Amino acid sequence: MASNPTSEVDVLIIGAGPAGLMMALWMSRLGIKTRIVDKRTDKVFSGQADGFQSRTLEILDSFGIGERVWKESNHLIEVSFWNPDSDGTIKRHRRAPDNISGMSRFTEAVLHQGRMEAFFLDAIAASYPHPADPSGTPLKVERMVLPTSLEVDEAAAEDDDAHPITVTLRHLTEEEATPTQKLSNLSDGLFRSNLAGDDVGEMLAQSKGRADVREEVVKAKYVVGCDGAHSWTRKALGPKYEMKGEMTDFVWGVMDIVPITDFPDVRTRCMIHSASNGSLMIIPRENRLVRLYIQLTEVSTGGRVDRSTITHEMIFKAAQKIIAPYKLEYHYCDWWTAYQIGQRVGQHFTKCDRVFLAGDAVHTHSPKAGQGMNVSMSDAYNLGWKIGLVTKKIMPRKILSTYELELLATFSGRPQKDILDETGVSMDDFSKAFNMSHMFTSGLGVNYSPSALVSKPPEMALLLESDKEVQHEGSPVANSKLSAATHCKPGMRFPSYQVVEQCDARPWTLHHKMPSDGRFRLWVFGGDISQPAARERVNALGARLEKGVLARAPRIEMGPAANPFAGTARFRLDRPPSVVDVLLVHCAPRGEVELLRDLHDVYHPFDAKLGWDYDKVFADGESYHEGHGRAYEGYGVDPEKGAVVVVRPDGYVGLVTELGEENWGEIEKWFEGVLRMA
Ligand code: FAD
């Protein structure tokens, strides 16, 4: 028998849901030779996840997709809490903002998962042609393909050039790849629900007898299992990777309908606790749709629920009972499903820092908190640039150990229970729990553990069991000085404030200047540089960076999405840019600063073909039309002292230090711990 064809790839992604697509987007932006396979025939078209948290929207915006989601989605601004009155009738007890004010320029928004998946596919296509990927083949999802075996050559795991993972892939026919329930034409989402079992066995059994079964062998440097809650990849890694947690007895139904009702808050996010019929959550969506999460008290019995007993009529009747005495009807139902709540987390996220698990493959959540899709994307967002820069030999392999460290700490800090499942909770307790969980659910409270990538002084160490520093042997560890920028916390996301571009007076929020292109940002808060002493200090730092960090840091080739000039064959830059991007925010009167005359070259780098780069210097001052962003105040920087903040390619703060010369060594130390410096 002829042996299976064999090929090599840098990264193989298994599963093209939110986690897999985020991973694929990073790989396409960094020009990494990648394949992504999915057992299904197509992407999600309706239903499933719909809630985008503030941090997710910021992340999508850094890839240029945020505005599309923002424009099409419905924005959740307010939440109202309904509880039974003394006579048992539900009554609105409180209204509150749905988001913590001033934390992000995005509030929570809702749009169905299928639309978001389409945006991802467009954004991936826009990454090509990429100068770093000479294959010239844009990354595309290969559908109806699944893995049947996975082996890791552990002895070769630390060899940078090895392809130590061997995966056998099987190509399915359309019929084999279509779940049985879909063939029966039921317009529901039960086949993707966690009430459904894994269908991989069924698919493989169907293709077993076929004479023309097509298999191939792929040798990969890295494999990322993004294959959902029943993850084949996780199982292939062995029992050590099983998820821990409980599958509760609570069963919930979900319906996307256009409601006809006299309930007054149907276009507001609502939490409704009825006296004896369970709870209902209302999420107003795009296109007049409303999503209802309905607790099914009648099927909430012990053990696993038989999904064949659940119908949309049964779910809707439960909703009508909870919302009574208000009337609820509908003519149009877009999608419905049911699920049993299970909040579970894996104990290990990687094998040898070669095979990684991301998304539902390694943690599951109650869908009502709008977490699953968001957290799944944020896992892959954390991992993608690390794998990309290690594959490009810009960072050493040891950095990959921060993935498991950072995610374990994130999950151990999360509230375990979903308060909406509890009965007999007072309105006060419910509101308190809702507010407390907000920093977690919005994604803005993520606080990564200390490591080479996150320099935290001891006083900032978290009181979490998992918050232990990864000691990288032989690596220097830089020290942050938090007092330099009191609102920039190492391990947390770099906040965004408005500043005014020095060269043309356009107001920008700083996040706009940090696209996800794989580069680190070194923000210099230079103070009032119209004063000679402050200007000299900023320029002296520029000279030191030019000879030190910038001379020694690797360069990175960027595709057309990040740099319109970098990807075209007819116009290539002489030298790709440094992986460290230096930017300056001063607080001098803008009119008293001449960009080219007053500032060192690192703040307006010169390219022989493109001239000066004018897009690196900003003033914290009044804009003509959009007010004053008060960025120094927002970041907690004293204008007299200034500060330096190093931000990782995923927007999280790595180092905070003072601007004075005695601190420059810390900046160099930080990059030596993270990059493969010359
Ligand atoms: P998935 O989205 O499950 O994607 C996994 C992908 O891998 C799929 O495309 C699958 O076909 C593919 N795959 C699986 N096995 C294999 C294999 N062996 N080989 C190849 N490919 C494979 N989250 C929210 O944030 N808000 C919500 O409102 C919400 N509602 C939900 C309602 C339901 C009914 C369900 C089931 C989930 C809901 N979620 C919600 C959760 C959210 O959909 C998931 O958390 C999110 O989709 C996880 O993303 P993922 O990429 O990790 O996995």
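## Close-up views of a predicted model

View 1. The shell divides into 16 nonpolar, 16 polar and 7 charged residues. Here Ala, Val, Leu, Ile, Met, Phe, Trp, Tyr, Cys and Pro count as nonpolar, Asp, Glu, Lys and Arg as charged, and the others, Gly among them, as polar. This is a predicted model: local features need pLDDT of at least 70, side-chain atom pairs count only at pLDDT 80 or more, and totals for chains, interfaces and linings use all residues. Residues are numbered from 1 along each chain as its sequence is written. In total, 39 residues surround the ligand. The closest are Gly 15, Gly 17, Gly 228, Gly 359 and Gly 372.

View 2. At least two shell residues come from each of α1 (18–30), β2 (34–38), β9 (145–152), β16 (328–346) and α10 (372–391). Helices (H or I, at least four residues) and strands (E, at least two) are DSSP runs, numbered from the N terminus. Helix α10 gives the largest share, 4 residues. Why does the shell lie between domain 1 and domain 2? Domain 1 (6–75 + 106–245 + 343–441) and domain 2 (248–341) both give residues to the shell around the ligand, so it lies between them. The domain bounds come from an automatic or database domain assignment.

**View 3. Helix α1 packs against α10.** Their axes come within 8 Å and cross at roughly 30°. Axes are lines fitted to C-alpha atoms, for helices over the stretch in contact, and angles run from 0 to 180 degrees between N-to-C directions. The two helices are therefore roughly parallel to each other. Angles under 35 degrees count as roughly parallel, over 145 as roughly antiparallel, 65 to 115 as roughly perpendicular and the rest as oblique. The crossing of α1 and α10 is right-handed. A crossing is left-handed if the near helix is turned anticlockwise from the far one by less than a right angle, and right-handed if clockwise. Among the residues that meet are Met 22, Trp 26 and Leu 30 in α1, and Met 377, Tyr 381 and Trp 385 in α10. Two residues are in contact if their C-beta atoms, placed from the backbone, lie within 7 Å. By class, this contact has 13 nonpolar, 3 polar and 1 charged residues.

**View 4. Helix α1 also packs against α4.** The axes of α1 and α4 are 9 Å apart, at an angle of about 15°. That makes α1 roughly parallel to α4. Their crossing is left-handed. Residues in this contact include Leu 21 and Leu 25 from α1, with Phe 120 and Ile 124 from α4. The contact divides into 7 nonpolar, 2 polar and 1 charged residues.

**View 5. Helix α2 meets α10.** Helix α2 (residues 54–62) packs on α10 at about 45°, with axes 10 Å apart. The pair are therefore oblique to each other. Arg 55, Thr 56 and Ile 59 in α2 meet Asn 374, Met 377, Ser 378 and Tyr 381 in α10.

**View 6. Some loops hold backbone exceptions.** Most residues other than glycine have a negative phi, and most peptide bonds are trans. A cis peptide bond joins Tyr 128 and Pro 129, with omega about 0°. Pro 129 sits in the loop between α4 (113–125) and β8 (141–143). Ala 324 to Pro 325 is also a cis bond, with omega near 15°. Ala 505, not a glycine, has a positive phi of about 70°.

Definitions and conventions:
Near = placed C-beta within 6 Å.
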